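I opened the model today to look up confidence, cavities, salt bridges and one surface patch. My notes are below.

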Amino acid sequence: MSIGRATATKGVLQKLREQLKFTEKSMDVLKMKRDQLAGEINKLLPEIQRRKDVEKMFDEAFESAKYAYSAYGYDSFSSAADAVDLIEARASPTTVMGVTMPEIDLIRKPDPRQVPHIALYVTAGKLIRAVEEAINLATVEAKIEQLARELMETNRKVNALEKVIIPKYRELVKYVEDRLIEEDLQEFSVTKHVRDLIRERRE
Amino acid sequence: MKSVMIYLVTRTHGLHAHLLTREHYDILARARDLNALIENLLKSDYGPEIGKISSEAANASALNRIFYSILVSRIYFVAKIAPNRIRKFLVTYADRYEVENVKRILRSKRTGRKMTSDTLIPIPREYALINFQAMIEAPTLEDSLDLLKATRYSEVSEKISIYKKHEVQAVLEALIDKIYFDQLLDSIDGIPDEEKVKEIVGTEIDLRNIGTMIDLKARGVSPEAILATSFKSFRLKEEDKNQIATARIESVPDIVARTTYQGFASNLKSIIEENRIEQLENAILKEAYAKAKSISGRNPNSFTYVIGYLAAAEMETRNLITLSTAKELKIEEEKVRNLLYL
């Protein structure tokens with residue numbers, strides 16, 4: 001946004017003042033948005049710490065799966081997996097403060113109770129829990145990514161308004177005000193000079 | 001002993017010599033990878049079949065199918081050379097592979113997932129009494145179960161309400177197991193060495209019964225359904241079964257300790273207490289196999305030896321499946337050894 005030199009009139013001054021006021025208000029709103037975004041990120045950050053737990057869950061589930069897989073062999077293992085419904089998820093994005101965030105709903109969770117053989121049942125339970133946790137964690141991470149991107153953009157806008165645009169507006173308003181005062185003074189002295197001339201002629 | 005029986009037992013001794021020994025398992029367990037394992041197996045009875053698959057297609061899955069096909073051919077070969085009355089029992093014994101196939105088909109029917117007959121255990125045509133292909137092609141689980149009405153598994157359709165009440169596949173499978181094990185126990189009557197054969201097969205049935213009841217308990221199945229799907233007992237009393245069905249899982253080892261199977265109870269207790277329930281089935285099979293091995297080893301000149309051979313052949317298949325899959329997955333040797341039935 002560029003703010004050039006303006007014609008020094010009262011109308012322009014009024015318009016500039018209105019624009020400055022509007023821009024300052026916008027900056028306040030953006031600052032509020034920035035604080036809220038930062039707050040949202042702060043709220044979500046502790047959830048990211050669960051990543052280690054989820055990784056551990058996956059490690060345990062894979063160890064258990066390896067054990068079960070070698071105990072039962074490929075055909076038995078995949079046949080046991082046939083007894084369980086596939087996981088079904090729906091992505092339904094939601095918008096918070098103009099930020100589109102992913103929301104994943106598990107429409108159908110696999111039921112590990114359907115898995116035959118106790119060893120495979122235990123493995124399936126571990127795998128399903130790990131996958132569910134991974135989905136939740138991925139949703140949180142994606143939310144943080146979107147919020148962080150928006151936060152950066154908002155911050156850039158706030159900085160631009162605070163450091164560049166608003167000071168320039170203020171400068172411009174001051175310039176127009178000074179010009180108007182100058183013109184007023186000039187008009188006053190001209191008027192005074194004319195009045196003095198008229199008086200001299202009368203005398 | 002009749003001459004046909006002498007022939008069967010002698011022949012079984014010869015067949016037993018083809019089974020892998022502990023030394024073989026040591027070599028296979030130490031194999032650095034799947035290819036090294038295959039190299040070693042090429043020198044065994046599995047060699048000709050393994051030799052037919054290309055090196056690119058030689059994976060654990062392909063090997064597992066070969067192991068099962070050799071197992072089935074071994075077991076039906078014994079049935080083929082056995083006298084009539086014994087053959088009937090041996091064929092009933094071998095029906096466990098038919099049971100496994102029925103279960104595999106029903107699992108895919110539950111979820112509507114596609115399956116092909118090449119994932120089934122190959123049963124010789126003359127012994128296949130169930131039309132597996134028709135079951136695979138049946139559009140729903142109910143249609144597939146309808147096809148079982150005209151077979152020995154008709155009871156499944158009659159008791160389907162138990163499954164429908166819980167909607168747990170394990171209940172359906174327990175019903176099928178019940179039919180199989182009940183018929184197997186009945187088929188022992190009148191065969192030579194009846195008592196010793198019952199000791200081997202009955203022990204397996206009782207232990208599997210305990211395992212199935214614990215399994216169903218872990219899935220939250222009601223005691224009534226657990227009792228309705230429990231098998232005919234050999235040494236396990238009705239009262240024991242009632243107690244197991246109604247007790248908490250943690251209390252089951254104490255109930256088992258009061259039965260003939262007190263030796264297994266301590267193992268069961270540590271499995272449950274140490275939260276290693278996934279090792280239950282392995283422990284049950286190890287116990288049953290140890291029993292079969294010990295009784296048949298003490299009676300090398302009787303029909304019991306034949307049963308010992310069948311159990312050993314099955315355990316060999318399980319061991320080879322474990323070893324080949326573990327080598328493919330690069331599982332440590334020590335962990336693999338714990339899974340083996342030796």
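These entries follow the order in which I looked things up.

**Confidence.** I am working with a predicted model. The predictor gives the complex an ipTM of 0.89 and a pTM of 0.85. For chain B I read a mean pLDDT of 93, and 100% of its residues reach 70 or more.

**Cavities.** I searched the whole structure and found three cavities of 30 Å³ or more. The largest cavity holds about 660 Å³ of space. It is lined by 36 residues, and the closest to its centre are His117(A), Lys103(B), Asp177(B), Arg208(B) and Glu281(B). Chain A contributes helix H2 (51-82) to the elements that give two or more residues to this lining; those from chain B include helix H6 (84-111) and helix H11 (169-187).

**Salt bridges.** I checked Lys103(B) and Asp177(B): their side chains meet in a salt bridge at 2.9 Å, N to O. The pair joins helix H6 to helix H11 of chain B, 74 residues apart. Both Lys103(B) and Asp177(B) are buried.

Next I took Arg65(B) and Asp75(A), which form a salt bridge at 2.8 Å, N to O. This pair crosses between chains, from helix H5 of chain B to helix H2 of chain A. Asp75(A) is buried because its relative accessible area is 8%, under the 20% cut-off. Arg65(B), at 27%, is partly exposed.

**Surface.** I noted a nonpolar patch of Val190(A), Val194(A) and Ile198(A), with about 240 Å² of accessible area together. Val194(A) sits in helix H3 (residues 118-202) of chain A. At 40% relative accessibility, Val194(A) counts as partly exposed.

Note on methods. Residues are numbered from 1 along each chain as its sequence is written. Chains are lettered from A and ligands numbered from 1 in the order in which they are written. This is a predicted model: local features need pLDDT of at least 70, side-chain atom pairs count only at pLDDT 80 or more; totals for chains, interfaces and linings use all residues. Side-chain values use heavy atoms; hydrogens and water are left out. Patches are made of residues with over 30% relative accessible area and no salt bridge: like charges are joined within 9 Å, nonpolar side chains (Val, Leu, Ile, Met, Phe, Trp, Tyr) within 5 Å. Accessible areas come from the Shrake-Rupley method with a 1.4 Å probe; for residues, only the protein chains shown count as cover. A salt bridge is a side-chain nitrogen of Lys or Arg within 4 Å of a carboxyl oxygen of Asp or Glu. Helices (H or I, at least four residues) and strands (E, at least two) are DSSP runs, numbered from the N terminus. Buried means under 20% relative accessible area, exposed over 50%, partly exposed in between (1.4 Å probe, protein chains only). pLDDT is the predictor's confidence in each residue, from 0 to 100. On a 1 Å grid over the protein atoms alone, a cavity is a set of points where a 1.4 Å probe fits but cannot get out, and a pocket is an open set with protein on both sides within 12 Å along at least five of seven lines; lining residues have an atom within 4 Å of a point. Grid points are joined across faces, edges and corners, and a volume is the space filled by probe spheres set on the points.
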